[in-house]
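Please look over the sequence and the fold before reading on.

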Amino acid sequence: MNQSFYSRLINSLLALNRPSKTLLVMIVDYALLVLSFWSSLSIRINELYLPMPQTNLLILLGPFLAVPIFYFFGLYQSLIRYSNYQSLLTIMVAVSTYTL
């Protein structure tokens with residue numbers, strides 16, 4: 001049963017058009033950025049971080065800066081099948097720009 005579910009999921013994702021796949025990747029990137037930002041705050045204080053309303057806004061809106069930066073650097077133009085040195089360098093520059 002699980003094999004059937006996974007194969008249907010993979011087939012439905014592969015059947016999506018390019019803009020839909022790009023939007024899906026952007027949404028996943030946003031969710032992972034929020035999770036990593038929250039996790040980094042938890043690691044910094046060495047316990048589970050429970051955000052206050054002021055910091056909650058920062059945690060949720062901060063990653064909105066990353067998605068346009070990643071788009072500007074061309075990370076969403078094509079889904080990377082095979083990474084090479086140039087794509088790794090582009091990712092490093094985009095992530096470094098976001099962290100500034």
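Is Phe-72 buried or exposed? Phe-72 is exposed, because its relative accessible area is 69%; exposed means over 50%, buried under 20%, and partly exposed in between, with a 1.4 Å probe and protein chains only.

This is a predicted model, where local features need pLDDT of at least 70, side-chain atom pairs count only at pLDDT 80 or more, and totals for chains, interfaces and linings use all residues. Residues are numbered from 1 along each chain as its sequence is written, and side-chain values use heavy atoms, without hydrogens and water.

The whole structure holds two aromatic pairs. One of them joins Phe-72 and Phe-73 edge-to-face. Rings of Phe, Tyr and Trp (its six-membered ring) pair if their centres lie within 6.5 Å; planes under 30 degrees apart are stacked, over 60 edge-to-face, the rest tilted.

| Item | Value |
|---|---|
| Phe-72 to Phe-73, centre to centre | 5.5 Å |
| Phe-72 and Phe-73, angle between planes | 85° |
| Phe-72, relative accessible area | 69% |
| Phe-73, relative accessible area | 28% |

Phe-73 counts as partly exposed. Helix H4 spans residues 63-72. Its buried residues include Pro-63, Ala-66, Val-67, Ile-69 and Phe-70. Just after H4, Gly-74 takes a positive phi of about 80°. Helices are DSSP runs (H or I, at least four residues), numbered from the N terminus.

Definitions and conventions
Helix = DSSP H or I, 4+ residues; strand = E, 2+ residues; numbered from the N terminus.
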